[in-house]
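These are my notes from a first pass through one structure. I wrote down each thing as I looked it up.

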Amino acid sequence: MGEPDRDDLVTIIDADDSELDIPEIIPLLPVRDVVIFTDMLLPLFIGRERSIRAIEEAVTQDRLILLVTQKDPGLENPSPDDIFKVGTVGRVLRMLRLPDGRVKALVQGVSKARIKDYVRRRGLYRVRIELVAEEPLTSVDLKTEALMRNVREQTEKIMAFRGELTGDVGSILEGVEDPGKLADLVASNLKLKVQESQELIEITDAIERLRKINDLLSKELSLSAMQAKIQSDVKDEISKSQRDFFLREQMRAIHRELGEYDEKAKEIEEYDKKIKRARMSKEATTEAKKQLRRLEQMHQDAAESSVVRTYLDWLVELPWSKSTKDFIDIKKAKDVLNREHYGLEKVKDRILEYLSVRKLNAQMKGPILCFVGPPGVGKTSLGQAIARAMKRKFIRISLGGIRDEAEIRGHRRTYIGALPGRLIQGLKQSGTNNPVFMMDEIDKLGSDFRGDPSSALLEALDPEQNNAFSDHYLNLPFDLSNVMFILTANLTDTIPSALLDRMEVITLSGYAAEEKQIIAQKHLIPRQLKQNGLKSRTLKFSSGALLQIISEYTLEAGLRNLEREIGAVCRKVARKIAEGGKANFKITKNNLQKYLGVPKFVPEMDQEESQIGLSTGLAWTQAGGEVLYVEASLINGKGDLIITGQIGDVMQESARAALSYTRSNLKRFKIDENIFENLDVHIHVPAGAIPKDGPSAGIAMATALISALGKYPIRKEVAMTGEITLRGRVLPIGGLKEKALGALRSGIHTIIIPEKNRKDLAEIPPNVKHKIQFIAIKNMDQVFEIAFDRNPSSKDTP
């Protein structure tokens with residue numbers, strides 16, 4: 001393939017081309033990056049074997065070869081479709097073999113030609129051509145003469161802008177009197193794009209080609225003028241900057257002579273004092289002094305000086321050695337925790353254990369705690385209470401929705417507007433290196449093309465590594481080992497296992513109705529009275545009213561909706577007082593509906609009596625435990641299983657296992673063994689719009705299915721949880737405490753649990769165990785004995 005050497009590109013005029021005898025079939029040499037016009041002389045470097053053969057054949061014969069440009073210069077082996085049809089017949093004036101195997105050939109354009117067809121394709125291209133004759137021009141009229149003069153003048157201006165104009169150029173341009181040759185001469189030196197040059201060579205009308213060149217020259221002249229203006233402006237700006245710098249230095253010298261204030265020296269001295277006061281680590285001190293020396297050598301108005309100042313400000317303001325003294329009085333810390341939060345004994349014990357060890361070992365590293373529980377159970381407020389009990393600063397950041405790793409580790413200083421990550425920003429805000437640092441919603445971290453924030457947290461939350469945490473902005477190790485990290489999550493399923501392994505998980509299950517009542521009296525009601533401008537004697541709630549709000553106006557594991565309902569009552573009372581009403585109000589069960597409207601939730605509303613084919617299961621969700629009803633119905637069909645209610649793959653497998661267990665034990669349950677020949681089974685789990693999944697609904701599905709087949713009513717006050725096997729064994733489940741609290745909120749007082757979950761009853765609060773009867777079972781036979789209604793009017797249970 002031919003590659004032009006543009007440094008040697010010249011154009012000559014050959015007057016004897018018309019006498020040259022050009023054969024019909026000649027070798028073809030594809031060239032790239034240049035279109036060769038007639039009378040154009042240039043060297044080509046040829047390296048591909050096929051092209052070398054073509055040039056050698058031309059030299060051994062009549063030294064003529066067709067030079068055509070390929071459409072895509074990146075192709076190494078162009079096919080006929082990749083080569084333009086119109087090119088220039090060239091004469092090889094000289095050929096030289098180079099040491100690297102390539103060939104350098106000096107060629108001159110002779111005449112334009114068009115490819116008719118390819119005669120040979122193997123080894124080298126040989127083509128049949130037809131010469132493209134110029135349309136004859138009888139005379140040059142006045143308009144054409146003016147066009148030619150305009151082309152010459154514009155060409156000279158462009159070359160003047162480029163600094164290439166010499167006296168010979170004007171003479172050469174004036175010596176060309178043929179419009180077509182003038183167009184080709186200018187085109188060969190204009191550095192046009194390949195597509196534009198190819199369009200020119202394919203124009204056979206000389207006047208038309210000259211007009212096209214004139215248009216291209218006008219565009220190029222505008223670009224060259226703009227380029228020259230930009231270069232001139234840049235040069236003027238540089239000269240102005242140098243002049244301003246010189247004048248400022250003179251002004252500083254004058255101020256020094258007069259003993260006046262030197263602003264830059266004052267700034268450097270101030271930074272030096274701050275660096276000493278900051279008591280940084282050895283690496284940080286070295287880096288700070290290095291950056292200070294850079295700032296001292298910079299011009300005050302240099303663009304990078306602001307970047308260095310910002311970096312130094314961060315270094316000197318971080319709490320490298322500042323810490324608060326821990327409050328180590330265990331009894332007083334316990335009183336603070338009990339005063340701030342009711343219940344949550346397990347969490348309080350863990351905090352007091354940490355303080356006790358800290359009292360004995362001052363060098364102990366900070367723990368990494370993760371509070372997991374439904375919304376509204378007090379995870380965030382518990383972290384604030386811990387900080388108050390230890391008399392430490394409290395910092396909270398929310399990680400929900402964060403997708404950029406730089407939010408944790410910071411941006412590198414090369415970026416405009418770069419800042420440290422959230423961890424370093426929080427420490428600067430606190431002013432100490434041992435705050436209680438709470439990270440909310442750790443389970444809602446995201447990740448995308450900008451990185452994975454959870455992976456960036458691995459270093460910060462590892463007690464063995466976080467004594468030298470590296471932020472991208474600081475690019476220095478910072479000690480996080482004294483920080484007490486507390487994280488919160490609604491569930492652990494979405495937390496990466498490597499991150500979860502670094503945390504001590506403490507589960508907050510939720511509150512029973514009695515606990516909510518006490519918390520409302522101690523905390524929620526006083527807070528809402530204060531927020532709504534009321535006094536304690538102005539509004540009082542009876543115990544019955546509070547219990548009614550908890551059971552009939554809220555259905556949650558936490559306390560947020562309960563506080564909203566109390567706030568709604570307070571607002572209505574505040575309005576009555578503002579309108580001139582009486583000053584004292586008491587909310588009781590009798591007048592509660594007047595303030596809050598009709599009850600939103602009624603316990604046991606779905607099951608007013610024992611029913612056939614309707615069992616009560618228990619589910620664990622992000623919002624705590626909930627009652628889950630399972631309905632089974634028989635319809636005409638061919639024994640198919642229909643499952644609805646937006647249930648997931650695990651619950652669908654439980655339904656199939658329950659059906660298989662039922663079909664294999666029809667005889668034991670006194671059910672017709674051929675019942676499935678004409679009936680389909682439909683299992684539905686309301687509500688249909690809510691997705692549900694989990695491995696704990698197997699026994700509820702089997703119970704509902706056998707009840708529907710045998711017409712056995714299921715006791716309405718009994719709930720059950722557990723997975724089933726094909727042989728009727730009941731497998732253990734998780735989240736028993738949450739499910740028990742959810743059952744109690746819904747008025748359930750008997751729960752069937754797997755035998756292997758008996759050990760989990762130790763985690764159930766005593767007041768809940770007194771109200772719920774837990775029955776541990778090993779197989780499905782025990783479930784049926786408990787769950788099926790023993791009313792004499794019903795059939796005998798199996």
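In which strand is threonine 621 found? I located threonine 621 in strand 19, which covers residues 614-621. I then checked how open it is: threonine 621 is partly exposed, because its relative accessible area is 25%, and the buried class ends under 20% while the exposed class starts over 50%. I also took a distance from this residue. Threonine 621 and glycine 373 are separated by 248 residues in sequence, yet their C-alpha atoms are 9.8 Å apart in space.

**Confidence.** I noted that this is a predicted model. The average pLDDT of the protein is 82, and 91% of the residues score at least 70. I marked two stretches where pLDDT stays under 50. One is residues 6-18, for which the model has 27 contacts beyond four places in sequence. The other is residues 791-798, with 14 such contacts.

**Helix 7 and helix 8.** I looked up how helix 7 (residues 263-278) lies against helix 8. The two pack at an angle of about 180°, and their axes are 11 Å apart. That angle makes helix 7 roughly antiparallel to helix 8, since angles over 145 degrees count as such. From helix 7, the residues Lys264, Ile268, Tyr271, Asp272 and Ile275 take part. They meet Thr285, Ala288, Lys289, Leu292, Leu295, Glu296 and Gln297 of helix 8. Sorted by class, this contact of helix 7 with helix 8 holds 6 nonpolar, 2 polar and 4 charged residues.

I stopped at the loop between helix 7 and helix 8, where arginine 279 is found. Phi of arginine 279 is near 50°, a positive value in a residue other than glycine. Arginine 279 counts as exposed because its relative accessible area is 53%.

**Helix 8 and helix 9.** I went on to the next pair. Helix 8 (residues 282-297) packs with helix 9 (residues 303-317) at an angle of about 150°, with the axes 10 Å apart. The two helices are therefore roughly antiparallel to each other. The crossing of helix 8 past helix 9 is left-handed. On the helix 8 side I listed Glu287, Ala288, Gln291, Leu292, Arg294 and Leu295. On the helix 9 side I listed Glu304, Ser305, Val308, Arg309, Tyr311, Leu312 and Leu315. The class count for the contact of helix 8 with helix 9 is 7 nonpolar, 2 polar and 4 charged.

Is serine 305 buried or exposed? Serine 305, which lies in helix 9, has a relative accessibility of 2% and so counts as buried. Setting aside residues up to four places away in sequence, serine 305 touches Leu295, Met298, His299 and Gln300.

**Helix 10 and helix 12.** Helix 10 (residues 330-340) and helix 12 (residues 379-390) also went into the notebook. They pack at an angle of about 150° with axes 9 Å apart, which makes helix 10 roughly antiparallel to helix 12. Helix 10 passes helix 12 in a right-handed crossing. I found Ala333, Val336, Leu337 and Glu340 of helix 10 in the contact, with Ala385, Ile386, Arg388 and Ala389 of helix 12. These residues divide into 6 nonpolar, no polar and 2 charged.

Lysine 391 has a positive phi of about 55° although it is not a glycine. With 53% relative accessibility, lysine 391 counts as exposed.

**Asparagine 757.** My last entry is in the loop between strand 27 (750-754) and helix 24 (766-771), where asparagine 757 lies. Asparagine 757 is buried because its relative accessible area is 1%. Leaving out neighbours within four places in sequence, asparagine 757 is in contact with Pro732, Ile733 and Leu736. Asparagine 757 and leucine 96 are 661 residues apart in sequence and 92 Å apart in space, C-alpha to C-alpha.

Terms used:
Residues numbered from 1 in each chain as written. Predicted model: local features only at pLDDT ≥ 70, side-chain atom pairs only at ≥ 80, totals over all residues. Heavy atoms only, no water. Axes fitted to C-alpha atoms, helices over the stretch in contact; angles between N-to-C directions. Helix = DSSP H or I, 4+ residues; strand = E, 2+ residues; numbered from the N terminus. Parallel < 35°, antiparallel > 145°, perpendicular 65-115°, else oblique. Left-handed = near helix turned anticlockwise from the far one by under 90°. Contact = heavy atoms within 4.5 Å. Nonpolar A, V, L, I, M, F, W, Y, C, P; charged D, E, K, R; others polar. pLDDT = per-residue confidence, 0-100. Buried < 20%, exposed > 50% of the residue type's maximum accessible area, 1.4 Å probe, protein only.
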